[in-house]
Every structure is written in C-alpha cells, then in structure tokens.
Amino acid sequence: MTNKEKLGIIAGEGKFPINIAKEASQKGVEVYVICAKNNAFEKDFSAYAQKTVTMKLGQMSNAIKFFKENGVSKAVMAGRVQHVNIFSVMPDLRTAKVLAKIKDMRADTILGAAVNEFKKEGIEFISSSSFMEKCLAQKGVLTKRAPSNEENESIELGLKISKTMAGLDVGLTCVLCDRAVLALEAMEGTDNCIKRAGEIYNSAPIGKGGSIVVVKVARPKQDDRYDLPVIGKGTIRAMKEAKAQVLAIEAQKTIILDIEEVIALADKYNICITAI
C-alpha cells in the first residue's frame with residue numbers, strides 16, 4: 001500500500017490491531033477501525049485512526065456501510081476474538097443469511113464466508129501481517145537457550161499433533177512433556193491451554209524431570225487474511241506460570257508482538273523460543 005491510501009481494521013483483543021494501526025498511520029495511510037464490542041476499545045486507536053466505531057459481532061451490514069462511507073477498499077482482521085463469543089452473536093439479516101449457508105461453525109469457515117461477503121461490496125481483506133513483517137518469526141533459535149535433544153523429540157511429536165488439530169480447525173497449540181500430551185488447545189486459547197497443562201503437570205504426585213514443551217502452528221492451508229498465529233509477552237508469562245521451558249512456533253507464519261521484549265523476557269526466565 002502507498003501513502004494516501006486507506007486501511008480498514010476489524011479489531012479484536014490485544015496489541016496486534018493497535019500495532020497495525022500505528023504502523024499504517026506512520027506510513028501515511030488513513031486508518032478506519034471497527035472495534036469488536038467487549039474485545040477492542042476505541043480509545044486505544046485514537047492516536048492512529050481517522051475514525052473508530054464499536055460494533056457487536058455479527059453486524060456485517062453496518063461494518064460494510066462504515067467502510068464504504070469512508071472509502072475503504074482494503075481491510076485487515078486482527079486481534080483475538082474469544083471463540084466462545086460465537087454463542088452470543090446477534091446477527092443482522094445479512095449475517096444470518098451467510099451463517100445459514102455455511103457447512104459448520106468453525107472459525108475458519110465463518111471468517112472465510114465473511115471475507116467473501118465483504119469482497120462482493122468491493123472491500124478486499126489483505127494479509128493480517130501487513131505492516132507487521134518485522135514481527136514475523138524468522139527461522140532458528142531466537143533465544144539464548146536452545147532445545148535439548150529430548151525437547152526436540154517432543155517438538156517433533158507436537159508438530160504432528162498440532163498440524164492435525166489445526167487442519168480440523170480445533171486449535172493451534174499442543175503442550176507436551178517427555179513426548180506425552182498434557183493439553184490441547186480448543187476454545188480457551190493458547191495462554192489458558194498452557195496454564196491448564198501446567199496445572200496438570202505440576203499437580204502430579206510423582207517426581208518431575210521432563211521439560212514442558214509448547215508447540216504452536218499455523219493451519220496447513222493457513223489463510224493469512226485472518227487468524228494468523230500470534231504470541232506475545234502474555235504467552236511467555238503463561239509459560240513461566242506453568243513452568244514450561246520451550247516454545248516452538250512456525251517461522252514466517254507466526255507474529256511475535258513486541259518481538260525484542262518477548263525474547264528478552266524469555267531469556268530472563270530461561271525459556272527457549274525456536275522457530276521451525
């Protein structure tokens with residue numbers, strides 16, 4: 001995108017959409033933000049956006065109208081929206097018609113249908129990593145600590161399991177210890193999955209010697225327009241609480257928010273981050 005262009009953002013939780021707004025604004029792009037109610041907040045975008053508005057999930061007609069009224073033809077989806085919110089969506093007529101046609105209620109299915117609906121109105125969704133290329137994980141060990149041979153064996157198994165789950169659009173994260181699965185991510189999200197794994201492992205009545213390894217992947221056919229894997233300082237803090245030692249992610253397919261701070265925090269806690 002070049003200067004004087006416009007970018008629409010449909011924003012969920014966290015710093016990801018805020019960072020996109022900041023980067024786009026600094027490059028001279030006009031930013032227009034739709035905050036998902038109870039997930040993103042207009043005040044966080046006030047320094048970077050021309051206009052902001054808050055909408056409930058499922059208000060597709062209003063979202064399209066907002067972008068078209070402001071001349072937006074390129075948009076991104078960024079930020080986490082709790083998957084359990086699907087049970088509280090109040091769809092408008094257009095959204096209801098879209099939902100009635102889809103084969104299931106998985107996130108990938110819903111978001112794909114929504115993207116196609118916006119495209120009918122001349123609004124194209126672009127990669128959610130736009131303006132955030134410097135935060136894409138590069139291949140290799142990113143921290144001072146590298147994984148051991150035993151930890152690499154857990155990583156290898158975790159990759160197979162996580163990719164299978166991701167292909168079914170169940171979750172992206174698998175937590176293991178000594179090649180045994182402690183927890184699989186579902187609707188609770190990565191950080192809560194890690195905490196749950198830690199509770200299981202640390203409540204075991206036997207002696208503990210193995211490392212807790214967290215593996216997070218992209219979908220096998222990841223659409224980079226939405227729901228890219230994202231980690232941040234919260235992920236590292238969740239690992240510290242769970243006493244997890246290794247985080248394996250996919251290079252060039254994972255966004256690391258505040259990447260320098262994340263690596264420094266991991267080094268502080270002697271946690272390994274490896275991008276494979």
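S162 lies in helix α5, which spans residues 149–167, where helices are DSSP runs of H or I with at least four residues, strands are runs of E with at least two, and both are numbered from the N terminus. This is a predicted model, in which local features need pLDDT of at least 70 and side-chain atom pairs count only at pLDDT 80 or more, while totals for chains, interfaces and linings use all residues. Residues are numbered from 1 along each chain as its sequence is written, and side-chain values use heavy atoms, with hydrogens and water left out.

**Surroundings of S162**
- S162 counts as buried because its relative accessibility is 0%, the term buried meaning under 20% relative accessible area, with exposed meaning over 50% and partly exposed in between (1.4 Å probe, protein chains only).
- Leaving aside residues up to four places away in sequence, S162 touches G171, L172, T173, C174, V215 and V217, contact being defined as heavy atoms within 4.5 Å.

**Cysteines**
- The structure holds zero disulfides, a disulfide being a pair of cysteine sulfur atoms within 2.5 Å.
- C177 is in no disulfide, and the nearest cysteine sulfur, which belongs to C174, is 12 Å away; C177 counts as buried at 8% relative accessibility.
- The sulfur of C193 has its closest cysteine sulfur in C174, at 7.7 Å, which is too far for a bond, and C193 counts as buried at 0% relative accessibility.

**Helix α7**
- Within helix α7, which covers residues 233–242, the residues T235, I236, A238, M239 and A242 are buried.
- Seen down the axis of α7, these buried residues fall within an arc of 160°, so they line one face of the helix; the arc is that of the directions from the helix axis to the C-beta atoms.
- The elements that cover the buried residues of α7 include the helices α6 (190–202) and α8 (259–268), together with β9 (212–216), β10 (230–231), β11 (246–249) and β13 (272–275).
- After α7 comes K243, whose phi is positive, near 65°.

**Helices α2 and α3**
- The axes of helix α2 (residues 60–69) and helix α3 (residues 93–101) come within 6 Å and cross at roughly 120°, with axes taken as lines fitted to C-alpha atoms, for helices over the stretch in contact, and angles running from 0 to 180 degrees between N-to-C directions.
- The contact is made by M60, S61 and I64 of α2 and by R94, T95 and V98 of α3.
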